[in-house]
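Take the stops in order.

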Amino acid sequence: PIIHPVVFALKNHLRCVTEGRATVMGAGGKGLDLFLDLHGHSTKFGCFFYGCCRTAPINNALFPKLCAMATRDVSFEQCHWRCPCSHRTTARYVLYKQLGV
């Protein structure tokens, strides 16, 4: 039984994209290189990025760094790549663990 049909459909679509069986409109190649889980915090100012793994390749920090260089609204110093146990059910972590994105 599917408890959350929208989440189920999105995960299936993203799985197809990562396996090259589906494409994303406007994407030049096959596969999924970046997943943004956009949200905000009431206690922090500006924009920042979260990652899932401290040992991730340096290219995971490239997009946040470029965004921080392009606008003062993004703080690269506020970005971090750790994922405590309480965040293990977030979309970014699930896609990282299950699809390698």
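**Before you start**

What you see is a predicted model, in which local features need pLDDT of at least 70, side-chain atom pairs count only at pLDDT 80 or more, and totals for chains, interfaces and linings use all residues. Residues are numbered from 1 along each chain as its sequence is written, and side-chain values use heavy atoms, with hydrogens and water left out.

**The whole chain**

Show the protein as a cartoon, and you will find three helices and zero strands, following the pattern α-α-α along the sequence. Here helices (H or I, at least four residues) and strands (E, at least two) are DSSP runs, numbered from the N terminus. The C-alpha trace spans about 40 × 35 × 25 Å along its principal axes.

Next, colour the model by pLDDT, which is the predictor's confidence in each residue, from 0 to 100. The average for the protein is 82, and 91% of the residues score at least 70. Among the elements, H2 has the highest mean pLDDT (93), whereas H3 has the lowest (86).

Of the 101 residues, 22% count as buried; buried means under 20% relative accessible area, exposed over 50%, and partly exposed in between, with a 1.4 Å probe and protein chains only. A contact means heavy atoms within 4.5 Å, and among contacts between residues at least 6 apart in sequence, 55% join residues at least 24 apart.

**Helices H1 and H3**

Select H1 (residues 5–18) together with H3, and look at how their axes come within 11 Å and cross at roughly 45 degrees. Axes are lines fitted to C-alpha atoms, for helices over the stretch in contact, and angles run from 0 to 180 degrees between N-to-C directions. H1 and H3 are therefore oblique to each other, since angles under 35 degrees count as roughly parallel, over 145 as roughly antiparallel, 65 to 115 as roughly perpendicular and the rest as oblique. Show side chains for Lys11, Leu14, Arg15 and Thr18 of H1, and for Val94, Leu95, Gln98 and Leu99 of H3, which make the contact.

Keep H3 (91–99) selected, and pick out its buried residues, Arg92, Tyr93, Leu95 and Leu99. These buried residues of H3 pack against H1. After H3 comes glycine 100, whose phi is positive, near 75 degrees.

**The largest nonpolar core**

Which residues make up the largest nonpolar core? Select Phe48, Phe49, Ala61, Cys67, Ala68, Val74, Cys79 and Trp81, eight residues in all. A nonpolar core is a set of buried Ala, Val, Leu, Ile, Met, Phe, Trp, Tyr and Cys residues joined through side-chain atoms within 4.5 Å. In soluble globular proteins, nonpolar side chains tend to be buried together.

Alanine 61 touches Phe76 and Trp81, not counting residues up to four places away in sequence.

**The loop between H2 and H3**

Move on to histidine 80, which lies in the loop between helix H2 (62–70) and helix H3. Is histidine 80 buried or exposed? Histidine 80 has a relative accessible area of 12%, so it is buried. Beyond residues up to four places away in sequence, histidine 80 touches Phe49, Tyr50 and Gly51.

Cysteine 83 lies in the loop between H2 and H3 and is buried, with a relative accessible area of 10%. Not counting residues up to four places away in sequence, cysteine 83 touches Cys52, Arg88, Arg92 and Tyr93. Draw a distance from cysteine 83 to tyrosine 93: they are 10 residues apart in sequence and 7.7 Å apart in space, C-alpha to C-alpha.

**The loop between H1 and H2**

Select tyrosine 50, placed in the loop between H1 and H2, and show its contacts with His39, His41, Lys44, His80 and Arg92, where residues up to four places away in sequence are not counted.

Finish with phenylalanine 45, also placed in the loop between H1 and H2, which is exposed, with a relative accessible area of 76%. Phenylalanine 45 and phenylalanine 35 are 10 residues apart along the chain, and their C-alpha atoms are separated by 22 Å.
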